[in-house]
Amino acid sequence: MPPTKDWEEFKKIPIHMGTLIHFKLCFERADQDRDGKIDIMELGEWAQGIGLRNISFEDLKQMIAQVDVNHHGRVDFWEFLAIQLYISLNLQDTVDLLEFIKFLNQSYTA
């Protein structure tokens with residue numbers, strides 16, 4: 001799926017190694033069956049573990065649908081990393097979320 005924007009703007013976003021390690025460890029905690037993907041049940045348990053108590057099944061499905069650019073119904077590491085970086089680096093005003101996910105997924109093959 002090609003980007004609608006030039007990749008150059010994404011290459012300028014600074015990401016520190018410690019941040020990558022932090023989110024990799026978060027992903028591994030959420031991926032309870034260690035298959036490299038977070039399914040809806042794992043996402044629900046992870047969300048509750050970080051304090052999101054009143055989250056519905058529909059909310060979880062919608063969360064997955066927002067970031068699942070390869071459309072397999074689960075969240076892989078690159079999709080997880082993209083949303084976490086998008087939020088933690090406050091990219092909402094400068095970068096489109098789906099374009100950012102596509103950028104991080106560009107070398108990933110399912």
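This is a predicted model: local features need pLDDT of at least 70, side-chain atom pairs count only at pLDDT 80 or more; totals for chains, interfaces and linings use all residues.

Biologist: What makes helix 5 oblique to helix 6?

Modeller: Helix 5 (residues 77-88) and helix 6 (residues 97-105) pack at an angle of about 135 degrees, with their axes 9 Å apart. Roughly perpendicular covers 65 to 115 degrees and roughly antiparallel starts over 145, so helix 5 counts as oblique to helix 6. Their crossing is right-handed.

Biologist: Which residues of helix 5 and helix 6 meet?

Modeller: From helix 5 come Trp-78, Glu-79, Leu-81, Ala-82, Ile-83, Leu-85 and Tyr-86, and from helix 6 Leu-97, Phe-100, Ile-101, Leu-104 and Asn-105. That contact consists of 10 nonpolar residues, 1 polar and 1 charged.

Biologist: Now the rings: why is the pair of Trp-46 and Phe-80 called edge-to-face?

Modeller: The ring centres of Trp-46 and Phe-80 are 5.4 Å apart, and pairing needs centres within 6.5 Å. Their planes stand at 75 degrees, and over 60 counts as edge-to-face. This pair links distant parts of the chain, with Trp-46 in helix 3 (residues 40-49) and Phe-80 in helix 5, 34 residues apart. Both residues are buried.

Biologist: Why is Phe-77 called buried, and why is Trp-78 called partly exposed?

Modeller: Phe-77 has a relative accessible area of 14%, and buried means under 20%. Trp-78 has 32%, and partly exposed lies between that limit and 50%.

Methods:
Residues are numbered from 1 along each chain as its sequence is written. Side-chain values use heavy atoms; hydrogens and water are left out. Axes are lines fitted to C-alpha atoms, for helices over the stretch in contact, and angles run from 0 to 180 degrees between N-to-C directions. Helices (H or I, at least four residues) and strands (E, at least two) are DSSP runs, numbered from the N terminus. Angles under 35 degrees count as roughly parallel, over 145 as roughly antiparallel, 65 to 115 as roughly perpendicular and the rest as oblique. A crossing is left-handed if the near helix is turned anticlockwise from the far one by less than a right angle, and right-handed if clockwise. Contact means heavy atoms within 4.5 Å. Ala, Val, Leu, Ile, Met, Phe, Trp, Tyr, Cys and Pro count as nonpolar, Asp, Glu, Lys and Arg as charged, and the others, Gly among them, as polar. Rings of Phe, Tyr and Trp (its six-membered ring) pair if their centres lie within 6.5 Å; planes under 30 degrees apart count as stacked, over 60 as edge-to-face and the rest as tilted. Buried means under 20% relative accessible area, exposed over 50%, partly exposed in between (1.4 Å probe, protein chains only).
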